[in-house]
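Hi,

Here is the structure I promised to pass on. Have a look at it first, and then read on for what turned up in it.

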Amino acid sequence: MAIAENIEAVLKKIDEAACKIGKKRDDITLVAVSKMHPVEKILEAKKYGLSIFGESKAQELLQKYEMVPDVKWHFIGHLQRNKVKYIIDKVDLIQSLDSIELAQEIDKRAKKIGKKMPVLIEINIGKEPSKSGIYEEELDEFVKKVSEFENIILSGIMTIPPVTEDKNKTRDYFKRMRFLFETLKQFDLPNSNIKFLSMGMTDDFDIAIEEGANIVRVGTGIFGRRM
């Protein structure tokens, strides 16, 4: 029953955080981060009502895709260009667009199958060398280039902030992302529908919601620690 109890606890926390800003649970999309967790756990989470799962490696997503029917998949990790062709028809959202070269490949592969691929731009909000994503000051120029691709739908932004024990610092990163998100919504861009701000994981998704996130990505809080 652990997964069922975990899901209940996560949903309660989402309710509480959303309520603080006058929103409801339905306003927040919960992505269950299933990477490195077995199919059995994903099926159990599905049984208890979860329907969107996040993977960060193309090969792992492909293995699970056929075994977990009737759910949606988000790609949330660094996506190599040579892996795009394998997942383009299987995911509903790519949350980790971090280069124009990757955008070109996504556009090309989406066009081949007649798909308009929703994507989020990954922002490296803490400017950490170990993480993917563009810097916030690069966003203006980057979105203009991405919006030129006819088979991509630019749908918002995503981040993974630096790990810190200081919740105020985490909140500051999320506030900056909210500012970027609201600014981006004012742009008059083709091939775009800016509606998603994806930020917040197991340890901080409540703060992320309070600061404007409408997609949160929770793995450990649902599935427990990876073995």
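Helix α3 supplies the largest share of the lining of the largest pocket, with 3 residues. Please keep in mind that this is a predicted model. Two elements, α3 (58-65) and α7 (167-185), each give two or more residues to that lining. The pocket has a volume of about 970 Å³ and is lined by 34 residues, with K35, I160, M201, R217 and R226 lying nearest its centre. Sorted by class, the lining has 13 charged, 11 polar and 10 nonpolar residues.

Next, the interior. In soluble globular proteins, nonpolar side chains tend to be buried together. Here the largest nonpolar core has 66 residues, and I106, I121, I157 and I222 have the most contacts inside it. Helix α1 (residues 2-20) gives the most to this core, with 7 residues. Apart from it lies another core, of 6 residues, including V31, L93, L120 and M158. Leaving aside residues up to four places away in sequence, I121 touches L97, I134, L139, F142, V143, L154, G156, I157 and M158.

The side chain of D89 makes a polar contact with that of K90, at 3.2 Å. Beyond four places away in sequence, D89 touches Y65, I113 and K115.

Best wishes

Methods: Residues numbered from 1 in each chain as written. Predicted model: local features only at pLDDT ≥ 70, side-chain atom pairs only at ≥ 80, totals over all residues. Heavy atoms only, no water. Contact = heavy atoms within 4.5 Å. Polar contact = N/O pair within 3.5 Å; in protein donor to acceptor, adjacent residues only side chain to side chain. Core = buried A, V, L, I, M, F, W, Y, C linked by side-chain atoms within 4.5 Å. Buried < 20%, exposed > 50% of the residue type's maximum accessible area, 1.4 Å probe, protein only. Helix = DSSP H or I, 4+ residues; strand = E, 2+ residues; numbered from the N terminus. 1 Å grid on protein atoms, 1.4 Å probe; cavity = no way out; pocket = protein on both sides within 12 Å on 5 of 7 lines; lining within 4 Å. Points joined across faces, edges and corners; volume = space filled by probe spheres on them. Nonpolar A, V, L, I, M, F, W, Y, C, P; charged D, E, K, R; others polar.
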